[in-house]
Amino acid sequence: MARRAKVNLSDNIKSLLDKEKPERKKIKRSRKPMTPEQKAAAAERLKKARAKRKPAVGKTHHAVCYDEKLQFKPLKDVLGWLKEAKEQAYSAKKDMQRLKDGSKEWSVASDKYHFWYGYVNDINWYLRHGDWISNTFGSQQQNKTKWKVVTPAYYPDGTRKDLASAPIIDDKPKRRRRKTK
């Protein structure tokens with residue numbers, strides 16, 4: 001015959017007493033109505049505060065994104081790419097949640113999610129800093145970025161780092177074949 005487990009009566013009593021305590025509801029107190037003089041003084045203070053505030057600039061992205069000569073691509077296009085990339089990342093994340101962790105399909109969905117999530121971060125970097133750092137661009141990342149050297153780097157001896165250096169060994173010694181008899 002099975003034995004009954006020991007019951008801690010003090011814990012049971014405490015839990016029963018806690019259940020019986022009424023919950024205190026927060027009471028929202030209404031404010032005292034303002035007198036007409038107080039209303040006028042508050043309106044005057046608000047007017048002064050609004051006059052001190054600087055006008056809104058209205059531009060939320062880096063200045064390069066708005067400049068037609070300096071921008072990578074038109075801002076409208078870049079924002080469209082961002083929207084598409086976010087949608088792709090979201091759908092891949094939903095696939096990951098739907099699939100069993102560790103399966104091949106989950107792994108593919110995870111790769112797809114990280115692929116699009118990284119692209120979203122690259123686009124946001126461009127919008128914040130004005131530098132395009134991704135190797136691809138477009139709504140489906142279908143185009144490759146053509147990089148351009150703006151300021152070249154130099155070796156201590158004064159030669160540019162991006163130029164092809166001369167080979168160390170000019171001619172390779174030719175191997176002679178042995179004649180077989």
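I133 sits in the loop that runs between α4 (104-129) and β1 (136-137), in a model that is predicted. With a relative accessible area of 42%, I133 is partly exposed, and, once its neighbours within four places in sequence are left aside, I133 is in contact with D122, W125 and W147. Elsewhere in the predicted model, 10 aromatic pairs are found.

- I133 counts as partly exposed because its relative accessible area of 42% falls between the 20% limit for buried residues and the 50% limit for exposed ones.

**Aromatic pairs**

- Among the 10 aromatic pairs of the structure, F115 and W116 form one that is edge-to-face, with 5.5 Å from centre to centre and 85 degrees between the planes.
- The two partners of this pair are described separately in terms of accessibility: F115 is partly exposed at 43% relative accessibility, whereas W116 is buried with a relative accessible area of 5%.
- Y126 and W132 also form an edge-to-face aromatic pair, with 5.6 Å from centre to centre and 70 degrees between the planes.
- Y126 is buried, with a relative accessible area of 1%, and W132 is likewise buried, with a relative accessible area of 8%.

**The ring cluster**

- Ring pairs join F72, W81, F115, W116, Y119, Y126, W132 and F137 into a cluster.

Note on methods:
Residues are numbered from 1 along each chain as its sequence is written. This is a predicted model: local features need pLDDT of at least 70, side-chain atom pairs count only at pLDDT 80 or more; totals for chains, interfaces and linings use all residues. Side-chain values use heavy atoms; hydrogens and water are left out. Rings of Phe, Tyr and Trp (its six-membered ring) pair if their centres lie within 6.5 Å; planes under 30 degrees apart count as stacked, over 60 as edge-to-face and the rest as tilted. Buried means under 20% relative accessible area, exposed over 50%, partly exposed in between (1.4 Å probe, protein chains only). Helices (H or I, at least four residues) and strands (E, at least two) are DSSP runs, numbered from the N terminus. Contact means heavy atoms within 4.5 Å.
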